[in-house]
Amino acid sequence: MDIEKRIVLQEIDPVEIYGVNNKLFDFFVSRFPKVRAVARGAEIFIVGAEDDIAAFETKLNALIAKKMTKRSLTMYDVESLFENGGGHDDEVGMVDMEDSREYTIVYGVDGHVVRAKTKNQKKLVREYYKNDLLFALGPAGTGKTYTAIALAVRALKNREVKRLILTRPAVEAGERLGFLPGDMKEKLDPYLQPLYDALQDMIPAKKLQTFMEDGTIQIAPLAYMRGRTLDRAFVILDEAQNTSLGQLKMFLTRMGCDAKFIVTGDATQIDLPRKSDSGLLKGVGLVKDIRGVSVVEFGKEDIVRHPLVSKIIEAFENDKENC
């Protein structure tokens, strides 16, 4: 026999739980097919069996508790409540979740599914939803930047941010920008091509062009970040091993309200004239213990390129004297 119950949200803005246009609430309710629920202001009216209503209320309280620990909720927060019958962020639950599934981050062009596949790609996804600043460190081919861009595209599609900004320090590997043909944009485009490539996998060409033209997606060298305050933006600094400590500080202090920052880098691939000028590891050491900051260290086991890549990296690591 169905019963009706009224739940009143207290000491919290209902929009923080319901999401924009009730998007989060509708998704939450969809996980309870035997329950009918309607939100009216701070009141939620539920009709269903007593056990189903009790389960609904338990999950709702868990979602409210999760909101108290972070600035805003996302679809992932709602999804996590129902994984493995739990939604607890304890270590055992997270390990079980990691072993049991590949995370789908975003659906790209032509139905291409972008997933976090390796242990540390999955960790990066989890840490992103718990922190506003992440460092993804590790060797080439581990999917650091690709996973970060997938998270950014997802956030943009879900309207969690208003713009997506991708940046790199303008340091070339053995080639100076001044000797490349063309104006500044033409000089920089080839260097920023890896970022374009990732975006083209995830956003249709015409839509991507529109986003680039109206400034929703911006790709620029790190120097262009100076003086800006980036509110409601998802910002990725790629190749951060080629920044000085001062440049890294300048970048990190651009963070505005409701912003997400991910910094990726590989300390073994420094292209600066003096490797000691790299500020990446120094900067990580200074901020890693701050609440809201997370560091994810990728390893050879996360490499998703050609199988030879991991062997090549290992060979160079074994010859550290000359590398």
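Select K260 and Y128. The charged end of K260 sits over the ring of Y128, 4.5 Å from the ring centre. Here "over" requires NZ of Lys or CZ of Arg within 6 Å of the ring centre and within 35 degrees of the ring normal. This is a predicted model: local features need pLDDT of at least 70, side-chain atom pairs count only at pLDDT 80 or more, and totals for chains, interfaces and linings use all residues. Residues are numbered from 1 along each chain as its sequence is written, and side-chain values use heavy atoms, with hydrogens and water left out.

Next, select R40 and F45. The charged end of R40 sits over the F45 ring, 5.3 Å from its centre.

Now the ring pairs. Rings of Phe, Tyr and Trp (its six-membered ring) pair if their centres lie within 6.5 Å; planes under 30 degrees apart count as stacked, over 60 as edge-to-face and the rest as tilted. That rule gives seven aromatic pairs.

Select F28 and F32. Their ring centres are 5.5 Å apart and the planes meet at 45°, so this pair is tilted. Both F28 and F32 are buried (under 20% relative accessible area; exposed is over 50%, partly exposed in between; 1.4 Å probe, protein chains only).

Last stop: F251 and F261. Their ring centres lie 4.9 Å apart with planes at 45°, so this pair is tilted. F251 lies in helix α11 (residues 245–252) and F261 in strand β10 (residues 260–265), so the pair ties together parts that are ten residues apart in sequence. Helices (H or I, at least four residues) and strands (E, at least two) are DSSP runs, numbered from the N terminus. F251 counts as buried, at 0% relative accessibility. F261 is buried at 0% relative accessibility.
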